[in-house]
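Let's take a walk through a protein model together. Keep the sequence and the 3D view open as you read.

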Amino acid sequence: MDLKIKNKIALITGSSQGIGLATAKNLCKEGTKVIINGKNKEKLEKAILSIKKEFPEAKIEGVVADLKNLEGCNKLISKVPHIDILINNLGVFEPKEFKDITEEEWLNMFNINVMSGVRLSQHYLSKMVDQDWGRIIFISSESGLQIPKEMIHYGMTKTAQISVARGIAELTKGTNVTSNSIIVGPSNSEGVSEFIEEIAISQNKSFKEIEKEFFEEIRPTSLLQRFTDVEEVSNMIVYTASSLSSATNGAALRVDAGVVQSVV
């Protein structure tokens, strides 16, 4: 299927691995010009090589910038003045008891997960409106709808992303610009996989055993009963970034494997 985004320019934040990298690969398959971002130059170069090895004609480049503050966001903007598609994928998580989360940790989580996307959207939205075409996507989580008690500060940021995406959509009325959020369920991204592997080693169990226990005890509402593949998530993201999703605006689109027990 032709998603009609050939030669469009897409920027994906936090995309040297996981969902971001899988999305970059799928966009390259569509002929999109892709810019991936991360704070580690070596990881970015490795990611680009992995895509070009599979798709030699891929139009992809990397920009090193740490988006935890305004300075890092401005650095990225200065190197990428124009885009058609903004995918705010950057995010961090950390399980921690509520009573132990410091004010600095609250603000750091909010700055990385929310404000990076806010700052970039503030810059690129007006340009998208002027050209009458654009896509802004926030990669949120089921934790934004069902706040996990083990990382309330993370859940808070994911709820905020959904609100920001919807608010931006209100500013696109009558244009061909859209703003949406993607509600992602537990996935097998590198960060999650490494976390589960550490637990498995500490408990002398296999990854599969810990995965089974995770969905029995922590996410029992999952209908899939396994971690979602990053490729499965990227399929939804790339469709939302495409010209075919023109009537989808202000939505929170779920690729959560049924974790959220709601029909909407």
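## A salt bridge to start with

Lys96 is partly exposed, because its relative accessibility is 22%. (Buried means under 20% relative accessible area, exposed means over 50%, and partly exposed is in between, using a 1.4 Å probe and protein chains only.) Lys96 pairs up with Glu105 in a salt bridge, and their closest N and O atoms are 2.6 Å apart. A salt bridge here is a side-chain nitrogen of Lys or Arg within 4 Å of a carboxyl oxygen of Asp or Glu. Glu105 is partly exposed too, with a relative accessible area of 22%.

## Where this comes from

This is a predicted model, so local features need pLDDT of at least 70 and side-chain atom pairs count only at pLDDT 80 or more, while totals for chains, interfaces and linings use all residues. Residues are numbered from 1 along each chain as its sequence is written, and side-chain values use heavy atoms, leaving out hydrogens and water.

How many salt bridges does the structure hold? There are 13 of them. Take Arg219 and Glu150, whose closest N and O atoms are 3.9 Å apart. Arg219 sits in the loop between helix 7 and helix 8, and Glu150 in the loop between strand 5 (134-141) and helix 5 (152-170), so this pair ties together parts that are 69 residues apart in sequence. (Helices are DSSP runs of H or I with at least four residues, strands are runs of E with at least two, and both are numbered from the N terminus.) Arg219 counts as buried at 9% relative accessibility, whereas Glu150 is partly exposed at 29%.

Arg254 and Asp256 also meet through their side chains, at 3.4 Å from N to O. Asp256 is buried, with a relative accessible area of 4%, but Arg254 is partly exposed at 25%. Elsewhere, Glu97, Lys99 and Asp100 are linked in a network of salt bridges.

## Inside the protein

In soluble globular proteins, nonpolar side chains tend to be buried together. A nonpolar core means a set of buried Ala, Val, Leu, Ile, Met, Phe, Trp, Tyr and Cys residues joined through side-chain atoms within 4.5 Å. The largest one here has 32 residues, and Leu27, Val34 and Ile36 are among those with the most contacts inside it. Helix 1 (residues 18-29) supplies the largest share, six residues. A second, separate core has 22 residues, including Leu76 and Phe138.

What does Val34 touch, leaving aside neighbours within four places in sequence? Its contacts (heavy atoms within 4.5 Å) include Ala10, Leu27, Cys28 and Ile60. Cys28 is buried, at 9% relative accessibility, and Cys73 is buried at 0%. If a disulfide is a pair of cysteine sulfur atoms within 2.5 Å, the count comes to zero.

Most residues other than glycine have a negative phi. Asn7, in the segment before strand 1, has a positive phi near 70 degrees. Gln225 has a positive phi as well, about 60 degrees, and lies in the loop between helix 7 (207-218) and helix 8 (230-241). Asn7 is partly exposed, with 38% relative accessibility, and Gln225 is partly exposed, with a relative accessible area of 38%.
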